[in-house]
Amino acid sequence: MFPITRQDEANFPNFTSVKEAKKYFRNRYGDKYQEGECERLDIDHICYFDEVDNQPVQISLYSDGTISVHVVY
């Protein structure tokens, strides 16, 4: 069973930066949170591939400044 549920994901705050999102995960999940690699997926999309206790967490940054977080179940 993964530590982050769909309900948890639905209640994530609206992040305004990648730094803020990563800080949230560090504070909430402590040592279970691991930062991973960063990859440019498109000209206007950078994705950070992190994990919480082996559960993939994708933090996306778009060129307009939008931040989105997707958790893989």
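User: Why does H45 count as buried?

Analyst: In this predicted model, H45 has a relative accessibility of 13%. Buried means under 20%, so H45, at 13%, falls into that class.

User: Where does H45 lie, and which residues does it touch?

Analyst: H45 is part of strand β2. Leaving aside residues up to four places away in sequence, H45 touches E39, R40, S60, L61 and Y62.

User: What makes the link between the side chains of H45 and S60 a polar contact?

Analyst: The two side chains are joined at 2.9 Å. The cut-off for such a pair of N or O atoms is within 3.5 Å, so the value for H45 and S60 meets it.

User: How far apart are H45 and T66 in sequence and in space?

Analyst: Along the chain, 21 residues separate H45 from T66. From C-alpha to C-alpha, the distance between H45 and T66 is 9.6 Å.

User: Let's look at the strands. How do you know that β1 and β2 are paired?

Analyst: Pairing asks for at least two bridges, and 7 bridges join β1 to β2, which covers residues 45–52. Therefore β1 and β2 count as a pair, and they run antiparallel. Within this pairing, Y33 stands opposite V52 of β2.

User: What makes β2 and β3 a pair, and β3 and β4 another?

Analyst: The test is again at least two bridges. Strand β3 takes in residues 55–62, and its antiparallel pairing with β2 runs over 8 bridges. Between β3 and β4 there are 5 bridges, also in the antiparallel sense.

User: Which strands are called edge strands, and what makes them so?

Analyst: The sheet is open, with 4 strands in the order β1-β2-β3-β4. Its edge strands are β1 (33–42) and β4 (67–71), each of which pairs on one side only. On average, neighbouring strands of this sheet are turned by 20 degrees against each other, direction ignored.

User: Why is D53 called partly exposed, while N54 counts as exposed?

Analyst: Exposed means over 50%, and partly exposed runs between that and the 20% limit for buried. D53 has a relative accessible area of 40%, so it is partly exposed. N54 reaches 58%, so it is exposed.

User: Why does R6 count as exposed?

Analyst: R6 has 61% relative accessibility, and the class needs over 50%, so R6 counts as exposed. R6 lies in helix α1, which spans residues 6–10. The C-alpha atoms of R6 and Y73 are separated by 8.2 Å, with the two residues 67 places apart along the chain.

User: How do you know that D50 is buried?

Analyst: The relative accessible area of D50 is 2%, which is under 20%, so D50 is buried. D50 belongs to strand β2. Its side chain makes a polar contact of 2.6 Å with the side chain of K22, and a polar atom of the D50 side chain lies 2.8 Å from the backbone nitrogen of G36. Among the residues D50 touches are Y33, Q34, P56 and I59.

User: Which residues touch the most other members of the largest nonpolar core, and which elements supply this core?

Analyst: Of its 17 residues, I4, F12, F25, V57 and I59 touch the most other members. At least two residues come from each of α2 (18–29), β2, β3 and β4, and the largest share, 5 residues, comes from α2. In soluble globular proteins, nonpolar side chains tend to be buried together. Taking I59 as an example, its contacts include V18, A21, F25, I46, I67 and V69.

Methods: Residues numbered from 1 in each chain as written. Predicted model: local features only at pLDDT ≥ 70, side-chain atom pairs only at ≥ 80, totals over all residues. Heavy atoms only, no water. Axes fitted to C-alpha atoms, helices over the stretch in contact; angles between N-to-C directions. Buried < 20%, exposed > 50% of the residue type's maximum accessible area, 1.4 Å probe, protein only. Polar contact = N/O pair within 3.5 Å; in protein donor to acceptor, adjacent residues only side chain to side chain. Contact = heavy atoms within 4.5 Å. Core = buried A, V, L, I, M, F, W, Y, C linked by side-chain atoms within 4.5 Å.
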